[in-house]
Amino acid sequence: MRIAVVGTGYVGLVSGACFAEFGIDVCCVDKDETKIRRLRGGEIPIYEPGLDVLVARNMAADRLSFTSDLAVAMEGADVVLIAVGTPSRPGDGGADLTYVYAAAAEIARTMTRYTVIVTKSTVPVGTGRQVAAIVRDINPRAEFDVVSNPEFLREGSAIGDFMQPDRVVIGADSDRARAVMDALYQPLIRAGTPFVRTGIETAELTKYSANAFLAFKITFINEVADLCERVGADVQDVAAGMGLDGRIGRPFLNAGPGFGGSCFPKDTEALVRTGRQHGAPVRLIETVVDVNRARKRQMAERILQACGPDAAGKRIAVLGITFKPDTNDMREAASLEIIPLLQEAGATVHVYDPAGMEEGRHLLPGVVWHDDAYAPLAEADCVAILTEWNEFRALDLGRVRSLMRRPVMVDLRNVYAPAAMAAAGFHYCSVGRRDARPDAAKRRKAAEAMLLSNSFAGDACVLPFSGQLAAAASDLAD
């Protein structure tokens with residue numbers, strides 16, 4: 001087989017390289033000639049573990065090529081994948097399909113034989129029909145089928161997700177198109193991968209529904225984490241207890257600063273828009289969108305609270321700015337909202353991230369950048385972990401404490417154990433856990449303040465939301 005892939009972004013480049021690994025002749029096309037030159041030179045424009053090796057191997061085997069000319073890419077192609085961006089549309093949050101429809105029009109003008117046009121991009125219900133209408137309008141004699149084949153790739157583990165997927169969803173109307181798609185995915189069919197073969201609209205909605213449900217799980221556990229802080233529970237234990245239920249599962253039950261990235265924010269917004277357009281509002285997802293927006297501001301306030309009554313002039317170290325580890329993707333990252341709020345409060349922010357700083361420099365003005373995890377900590381009044389990169393899990397805590405002006409850590413990813421942080425001499429604040437409390441004198445003072453004010457909400461970084469008069473009385477007795 002031969003296929004063309006329109007778009008060399010995250011989905012297009014990973015999909016093209018993986019199909020080439022299947023033994024298929026793949027040509028990836030992009031209008032950005034600079035990007036094409038970089039790819040031909042072996043330079044990968046995105047950070048994805050193992051992708052550079054995969055691309056190099058298949059280029060060397062003459063199975064993977066790059067061009068800026070769609071006609072060249074489609075010459076002899078059985079399948080053309082549309083893998084262009086579908087960002088949120090300003091104003092209403094719907095998916096901007098400009099690039100999808102432009103690709104469809106150009107494909108229509110270039111087609112010379114029967115072709116299966118596959119939408120890999122995440123698109124709202126009805127997009128496949130519109131793509132078909134565009135092609136027919138421009139090229140009435142064209143022989144083609146449109147197929148919806150949504151991707152389910154996680155950044156940081158995309159190659160494994162492609163090669164060993166949980167499922168492959170194929171939305172097609174004709175047996176001829178289904179036969180072509182079966183040939184395309186023959187290695188996975190032989191491996192026993194579950195395939196969901198359905199109609200175009202169902203496939204389109206399946207992708208949005210999956211992403212919205214995962215976003216819901218993240219938002220749900222974040223709200224449970226807030227409750228845990230009030231009642232003295234531990235959200236990690238709650239998540240473990242929930243996750244062992246086979247009906248629920250453990251993934252995406254990690255409390256933190258809210259979801260980000262290239263998919264969940266825009267896809268939840270687009271699903272909300274689709275529901276409203278069709279008179280079937282998805283109210284749960286509307287709430288998820290609202291709660292997630294507020295979450296990042298709440299986490300910024302938590303960091304400022306840890307700095308004391310006034311953050312002006314304080315130095316805050318931030319470890320991790322990408323929306324998740326093992327990627328350089330900054331789209332909708334929590335850091336993009338949290339860091340500006342810290343700066344607005346008058347703090348100077350010093351940052352290190354293993355992969356995201358090149359992109360971050362364009363998005364976070366006024367930040368001081370550093371080349372390793374320890375450099376931002378020098379004379380810092382507080383350090384905040386925003387992304388759980390593995391190298392942040394094994395910091396030399398003695399060295400960290402010796403570098404900082406005040407040993408204060410706000411761990412928004414629950415990387416460390418509260419007891420270990422207390423033993424290391426840190427004033428430690430995490431998310432949804434019974435953080436180790438300060439020494440007895442500070443506990444007594446906090447308990448007295450609680451009793452006198454008759455307020456039992458507590459402070460997340462001093463007496464972590466015990467909300468219990470008995471606990472305060474016990475501390476006072478001590």
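Select residues 317-418 to begin: their end C-alpha atoms lie 19 Å apart, and the span is 25% helix and 18% strand, where helices (H or I, at least four residues) and strands (E, at least two) are DSSP runs numbered from the N terminus. An unreviewed UniProt entry annotates residues 317-418 as "domain: UDP-glucose/GDP-mannose dehydrogenase C-terminal"; UniProt positions are given in the numbering used here, feature names are shortened, and annotations may be inferred rather than shown by experiment. The model is a predicted one, in which local features need pLDDT of at least 70 and side-chain atom pairs count only at pLDDT 80 or more, while totals for chains, interfaces and linings use all residues. Residues are numbered from 1 along each chain as its sequence is written, and side-chain values use heavy atoms, with hydrogens and water left out.

**The sheet**

Next, colour the strands β11, β10, β9, β12, β13 and β14, which in that order form an open sheet of six strands with parallel pairing; two strands pair if DSSP finds at least two bridges between them. At the edges are β11 (368-369) and β14 (427-429), each of which pairs on one side only.

Now select β9 (residues 315-319), which pairs in the parallel sense with β10 (residues 348-352) over five bridges, and which is joined to β12, also running parallel, by four bridges. If you pick out I316, you will find that its bridge partner in β10 is V349, while its bridge partner in β12 is C382. For V318, the bridge partner in β10 is V351.

Together β9, α14 and β10 make a right-handed β-α-β unit, meaning that, with the strands pointing away from the viewer, the path from the first strand over the helix to the second runs clockwise.

Then select helix α13 (residues 283-306), which lies across β9, β12 (382-385), β13 (408-411) and β14, and runs at about 170° to β13.

Move to helix α12 (residues 264-277), whose 14 residues reach 20 Å from the first C-alpha to the last, close to the 20 Å expected at 1.5 Å a residue, the expected span being 1.5 Å times one less than the number of residues. Eleven of the 14 residues of α12 are buried, among them F264, D267 and L271, and the buried residues pack against α10 and α13. Just after α12, G279 takes a positive phi of about 70°.

Finally, select helix α10 (residues 200-231) and, within it, K207. The helix has 32 residues and reaches 47 Å from its first C-alpha to its last, close to the 46 Å expected, and just after α10, G232 takes a positive phi of about 85°. K207 is buried, with a relative accessible area of 3%. Leaving aside neighbours within four places in sequence, K207 is in contact (heavy atoms within 4.5 Å) with T122, P150, E151, F152 and D267.

Terms used
Axes fitted to C-alpha atoms, helices over the stretch in contact; angles between N-to-C directions. Buried < 20%, exposed > 50% of the residue type's maximum accessible area, 1.4 Å probe, protein only.
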